[in-house]
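I opened the notebook with the model on screen. These entries follow the order in which I looked things up.

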Amino acid sequence: MKNAGVAPSAAENDMVAKKRRSSARGAKLTEYQRKRDFTKTREPAGDPSSIARKGRSPRTKREPKLQFVVQKHAASHLHFDFRLELDGVMKSWAVPKGPSYDPAVRRLAMEVEDHPIEYNTFEGTIPQGEYGGGTVMLWDRGTYEAEDGGGADALRDGYARGDLKFVLRGERLHGGWVLVRMKRPGRPQWLLIKHRDEYAMSDRDVVDEVTTSVATGRTMEDIAAGRKRRSRSAVSAASKKTAPRKKTPARRAG
Ligand code: MN
């Protein structure tokens, strides 16, 4: 018999871990909120009660699907904000060159503050002079999961280890990817790399080809000018034209 008298039970350990995670969630959006003046920007404020509600989802047989979003952001420097839902917030990275389908290409991804889940529907302009002032486009969105099928636990571990492997099911981004944290002092810098799978390709540049909103079909210029969404048919035609195909056997032109 082990030290049953003093050792916490598995259930107690589980409760402590849960408590720790939920108080961490409360603090998670502090930096996001400190950086922004919500009387001036139309970005979501990230209501703490919505975070708690989202985080406290009851244990169901199947874990709810986790969301991902990529926003193209023309701020002082153009970049792509890559966001993965985890524990009630969007873990966020700024990727200056955007994602690449080429497994040989490593894209710098600078970790930034967690964003509220409501940010996933934000497209528009942030006033000049405010934090992140400029134009924001919803460039891709969908669901994602741990590559090994281990659910949120595997994602949490991968994030903590600095080796986060996942599968994206977006409209523009598909298949396996990894974020690898580099050992550098200061704010964490990661590399975003495509895994070798049926979606990998080295002959096309998705960031170059796909220049419209996944939600509204608008270009950055349309959004900046406050023009309305493009017609449904224009949006679907554009996404058909730009959606990466599954890899076909290489055509050698000679
Ligand atoms: Mn940004």
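**Entry 1. Ground rules.** I take helices (H or I, at least four residues) and strands (E, at least two) as DSSP runs, numbered from the N terminus. I am working on a predicted model, where local features need pLDDT of at least 70, side-chain atom pairs count only at pLDDT 80 or more, and totals for chains, interfaces and linings use all residues. Residues are numbered from 1 along each chain as its sequence is written.

**Entry 2. Overview.** I find seven helices and nine strands in the protein. Next I checked burial. I call a residue buried if 20 or more other C-beta atoms lie within 10 Å of its own, exposed if 12 or fewer, and partly exposed in between, with C-beta atoms placed from the backbone. On that count, 26% of the 254 residues are buried. For contacts, I require C-beta atoms, placed from the backbone, to lie within 7 Å. Taking contacts between residues at least 6 apart in sequence, I see that 59% join residues at least 24 apart.

**Entry 3. Lys28.** I looked up Lys28 and found it in helix 1, residues 10-28. Is Lys28 buried or exposed? Lys28 counts as buried, because it has 23 C-beta neighbours inside 10 Å. Leaving aside neighbours within four places in sequence, I list Val89 and Asp114 as the contacts of Lys28. I also checked Gly88: Lys28 and Gly88 are 60 residues apart in sequence, yet 9.4 Å apart in space, C-alpha to C-alpha.

**Entry 4. Asp87.** I went to the loop between strand 2 and strand 3, where Asp87 lies. Asp87 is not a glycine, yet I read a positive phi of about 55° there. Most residues other than glycine have a negative phi. Asp87 is partly exposed, because 19 other C-beta atoms lie within 10 Å.

**Entry 5. Strand pairing.** I count two strands as paired if DSSP finds at least two bridges between them. Which strands pair with strand 6 (residues 134-146)? I noted these:

- Strand 1 (residues 66-74) runs antiparallel to strand 6, with nine bridges. Lys72 stands opposite Met137 here.
- Strand 5 (residues 124-126) is also antiparallel to strand 6, over three bridges. Ile126 stands opposite Gly134.
- Strand 7 (residues 163-170) and strand 6 run antiparallel and share five bridges. Tyr144 stands opposite Leu168.

I then followed strand 7 onward. Seven bridges join strand 7 to strand 8, again antiparallel. A hairpin of three residues links strand 7 to strand 8. Asp163 has Val180 in strand 8 as its bridge partner. Strand 8 pairs in turn with strand 9, antiparallel over five bridges. Val178 stands opposite Ile193 in strand 9.

**Entry 6. Nonpolar core.** I define a nonpolar core as a set of buried Ala, Val, Leu, Ile, Met, Phe, Trp, Tyr and Cys residues joined through C-beta atoms within 7 Å. The largest one has 34 residues, and Phe82, Ala109 and Leu192 have the most contacts inside it. Elements giving two or more residues to this core include strand 2 (78-86), strand 3 (89-95), strand 4 (106-115), strand 8 (174-181) and strand 9 (189-194). Strand 6 gives the most to this core, with five residues. What does Ala109 touch, not counting residues up to four places away in sequence? I list Phe82, Trp93, Val95, Leu179, Trp190, Leu191 and Leu192. In soluble globular proteins, nonpolar side chains tend to be buried together.

Notes
Contact = placed C-beta atoms within 7 Å.
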